[in-house]
Amino acid sequence: MPVPVEREPLYFGTALVDASGRIQDRRAAAVLGRQRGDSLAMTVVGSSAVIARRRDGVFTMTAKPYVALPAPVRARCAITAGARVLVVADAGQDALVVHSSGAVGSMLAQFHHQLARGERP
């Protein structure tokens with residue numbers, strides 16, 4: 001029987017992606033209460049993947065609380081085997097977002113540019 005996990009507003013973690021696209025972070029799926037058989041939809045936005053629980057989703061959560069990115073999603077996000085990604089579980093949106101290193105770099109560059117100019121992000 002799975003151990004209940006208290007929902008956090010946002011969970012951040014970094015994880016490795018294996019050759020099959022499995023993201024090595026069990027906590028992210030657990031924070032969102034993902035369960036075996038949940039239908040999931042994946043959308044690529046920029047170089048990030050958004051994975052949301054949806055009745056019409058074409059992907060299914062496995063028994064183990066891992067999420068795997070299919071090869072076409074990994075290709076569009078420029079995520080290769082062994083890459084480290086930023087994983088964000090957003091309980092408010094009931095979504096798991098996987099950011100590639102390129103996406104994180106772009107977000108941080110913009111944020112740091114604002115900081116350097118004395119602007120409030």
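1. Two strands are taken as paired if DSSP finds at least two bridges between them, a strand being a DSSP run of E of at least two residues, numbered from the N terminus. On that basis β1 and β7 (residues 84-90) run antiparallel and are joined by seven bridges. Leu10 has Asp90 of β7 opposite.

2. The model is predicted: local features need pLDDT of at least 70, side-chain atom pairs count only at pLDDT 80 or more, and totals for chains, interfaces and linings use all residues. Residues are numbered from 1 along each chain as its sequence is written, and side-chain values use heavy atoms, with hydrogens and water left out.

3. β3 (residues 39-45) has two antiparallel partners. Six bridges link β3 to β4 (residues 48-53), with Val45 bridged to Ser48. Two residues separate the strands in this hairpin, and Gly46 has a positive phi near 65 degrees there. Two bridges link β3 to β5 (residues 59-60), where Ser39 faces Thr60.

4. Which ring does Arg22 lie over? The ring is that of Tyr66, with a distance of 4.7 Å from the ring centre; the rule asks for CZ of Arg within 6 Å of the ring centre and within 35 degrees of the ring normal.

Note on methods
Helix = DSSP H or I, 4+ residues; strand = E, 2+ residues; numbered from the N terminus.
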